[in-house]
Amino acid sequence: MQADMKATLKAKIIDCLSEASGVLHNFMTVEKFILWLQLVDMGNAEPEEILECVRELWGEVYSLSSCLEAYEHVLVKNPGQAMLVDVDEDGDPIYAALDVDGDVVRLTQSEIESECEAQYFGFQYFNDSTGGWGEGTYLDVQKSVDSPQFMTLGRTIPVPDPC
């Protein structure tokens, strides 16, 4: 299957999940997901092509915990840095950083500059259907991990107060 066709098919599968508020990893097996997907019109894609894409997506789509683990892996290699991971609804950059205990925390650019307290990334911001933040997808998360953009912290980040 050509790369552009595969990308289009993967995007369609993710759209189907998002529209149904489905979570790929909740299906437990690729086979159970394929049974659900048979109820959806996948155009003229062959079953083998769909299965190939689903197997790849199974390893590519992030859960909240696997997303934070990927961020942690990058941040451990880049001490004192905050990594750009998203943009909020007002267009302000959102960064991931490690607190003094080594946990991944969330900061906006203004919180970094004003030395405000960090907060933990919450499940309410993560879209399990697409494997990304808000309207984003697993592709956006992967891009931020593969090609990180950093901001120097210039301070240590204390452990956030529990909610």
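Biologist: Why is Met151 counted as buried?

Modeller: The relative accessibility of Met151 is 16%. Buried means under 20% relative accessible area, exposed over 50%, and partly exposed in between, with a 1.4 Å probe and protein chains only. Met151 therefore counts as buried. The model is a predicted one, in which local features need pLDDT of at least 70 and side-chain atom pairs count only at pLDDT 80 or more, while totals for chains, interfaces and linings use all residues. Residues are numbered from 1 along each chain as its sequence is written, and side-chain values use heavy atoms, with hydrogens and water left out.

Biologist: Which residues does Met151 touch, and where is Met151 found?

Modeller: Met151 is found in strand E7, residues 150-152; strands (E, at least two residues) and helices (H or I, at least four) are DSSP runs, numbered from the N terminus. Leaving aside residues up to four places away in sequence, Met151 touches Gly80, Gln81, Ala82, Tyr95, Gln109, Ile112 and Glu113, where contact means heavy atoms within 4.5 Å.

Biologist: What makes H4 roughly parallel to H6?

Modeller: Helix H4 (residues 64-76) and helix H6 (residues 138-146) pack at an angle of about 15°, and their axes are 10 Å apart. Angles under 35 degrees count as roughly parallel, over 145 as roughly antiparallel, 65 to 115 as roughly perpendicular and the rest as oblique. H4 is therefore roughly parallel to H6. Axes are lines fitted to C-alpha atoms, for helices over the stretch in contact, and angles run from 0 to 180 degrees between N-to-C directions.

Biologist: Which residues make that contact, and how do they divide by class?

Modeller: H4 contributes Cys67, Ala70, Tyr71 and Val74, and H6 contributes Val141, Ser144 and Val145. By class, six are nonpolar, one is polar and none is charged. Ala, Val, Leu, Ile, Met, Phe, Trp, Tyr, Cys and Pro count as nonpolar, Asp, Glu, Lys and Arg as charged, and the others, Gly among them, as polar.

Biologist: Why is H2 called oblique to H3?

Modeller: Helix H2 (residues 30-37) and helix H3 (residues 47-60) pack at about 125°, with axes 10 Å apart. This angle leaves H2 oblique to H3, because the value falls in the remaining class. Val30, Glu31, Phe33, Ile34 and Leu37 of H2 meet Ile50, Leu51, Val54, Arg55 and Trp58 of H3. This contact has eight nonpolar, no polar and two charged residues.

Biologist: What makes H1 roughly perpendicular to H2?

Modeller: The axes of helix H1 (residues 3-19) and H2 cross at roughly 80° and come within 12 Å. H1 is therefore roughly perpendicular to H2, given the range of 65 to 115 degrees. Ile13, Cys16 and Leu17 of H1 meet Phe33, Trp36 and Leu37 of H2. That contact divides into six nonpolar, no polar and no charged residues.

Biologist: How many helices and strands has the chain, and what percentage of its residues count as buried?

Modeller: The chain has six helices and seven strands, and 40% of its 163 residues count as buried. Along the sequence the pattern is α-α-α-α-β-β-β-α-β-β-β-α-β.
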